[in-house]
Amino acid sequence: MRALALAVAALAALAVACSPPLDWREVSSPEGGFAVLLPGKPRSEARAVVIDGAEVTMRMFSVHADGLAFGAGYADFPPGASPEARARRMAATRDALVANVDGRITAQAEVMLDGQRGVDFRARGRVRDADYFVAGRVYAVGDRLYQLAVVAREDAAAKADAELFLGSFRLLAR
C-alpha cells in the first residue's frame with residue numbers, strides 16, 4: 001500500500017510543475033485491456049504495490065499537463081477472488097489515493113462499466129501548504145483492478161476536466 005501511496009504522491013508532486021497545455025488523445029493498453037483519453041503522451045511504469053495485503057504489479061500510465069496529473073493503471077490479482085475481496089481491493093485503492101493528499105472523501109458513488117462494479121469518488125486534502133483535489137474511479141473486473149485518478153492543486157482543479165478523463169475509460173474486447 002505504501003508503494004501505491006508513493007506512486008500517487010509522485011503524481012501530485014508533479015502536478016504543480018510547469019507542463020504543456022492539455023492535448024487530449026486516446027491511449028490504449030492492449031495488455032491492460034483498456035483505452036482512455038489522456039491529455040498528452042503518457043509515461044509508462046510498473047512497480048510492486050501492496051493492496052489489501054496482496055503484493056501485485058501496478059502498471060501505470062501518467063501524464064502531467066498544465067499543472068495537473070492524470071493516471072490510469074491496472075493490477076492483476078491471483079484468480080478466484082470473492083466479491084467481498086474485490087470490494088476491499090477497490091476500497092483500499094481509493095483510500096490510498098485519498099491518503100496521498102492527506103484528504104477526505106467529499107463525494108462517492110457506485111458506478112458500472114460493462115456490467116462490472118466500480119466506485120467513483122472526489123476528495124480534497126492538503127499537502128505542504130497547498131490544497132489538493134482528487135477525482136478518481138476504481139473498478140474490479142474479474143481478477144484485475146483498474147484505477148484512474150486526476151490530482152490537482154485546488155486552484156487548478158477547474159481545468160482538470162475530470163469527467164472527460166474518467167468517463168472516457170473503456171474496456172477493450174478480449
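**Strands and rings in a predicted model**

Student: How many bridges join strand 4 to strand 5?
Tutor: Eight bridges join strand 4 (residues 54-65) to strand 5 (residues 68-76), and the two run antiparallel. Strands are DSSP runs of E with at least two residues, helices are runs of H or I with at least four, and both are numbered from the N terminus. Two strands pair if DSSP finds at least two bridges between them.

Student: What kind of model is this, and how are residues numbered?
Tutor: This is a predicted model, in which local features need pLDDT of at least 70 and side-chain atom pairs count only at pLDDT 80 or more, while totals for chains, interfaces and linings use all residues. Residues are numbered from 1 along each chain as its sequence is written, and side-chain values use heavy atoms, with hydrogens and water left out.

Student: Which residue is the bridge partner of valine 63?
Tutor: Phenylalanine 70, in strand 5.

Student: What is the strand order of the open sheet?
Tutor: The sheet has seven strands in the order 3-4-5-9-8-7-6, with antiparallel pairing. Strand 3 (43-51) and strand 6 (104-113) are the edge strands, each pairing on one side only.

Student: Changing topic, how many aromatic pairs are there?
Tutor: The count is nine. Rings of Phe, Tyr and Trp (its six-membered ring) pair if their centres lie within 6.5 Å; planes under 30 degrees apart are stacked, over 60 edge-to-face, and the rest tilted. One of the pairs, phenylalanine 34 with phenylalanine 61, is edge-to-face, at 5.9 Å centre to centre and 70 degrees between the planes.

Student: Which parts does that pair tie together?
Tutor: Phenylalanine 34 lies in strand 2 (residues 34-38) and phenylalanine 61 in strand 4, so the pair ties together parts 27 residues apart in sequence.

Student: Is phenylalanine 34 buried or exposed?
Tutor: Phenylalanine 34 is buried, at 2% relative accessibility; buried means under 20% relative accessible area, exposed over 50%, and partly exposed in between (1.4 Å probe, protein chains only). Phenylalanine 61 is also buried, at 11%.

Student: And how far apart are the ring centres of tyrosine 139 and phenylalanine 169?
Tutor: Their centres are 5.7 Å apart and their planes at 10 degrees, so this pair is stacked. Tyrosine 139 is buried at 2% relative accessibility, and phenylalanine 169 is buried at 4%.

Student: Which residues form the aromatic cluster?
Tutor: Phe34, Phe61, Tyr74, Tyr139, Tyr146 and Phe169 form one cluster.

Student: Lastly, where does the charged end of arginine 89 sit?
Tutor: Over the ring of phenylalanine 77, 3.9 Å from its centre. The rule requires NZ of Lys or CZ of Arg within 6 Å of the ring centre and within 35 degrees of the ring normal.
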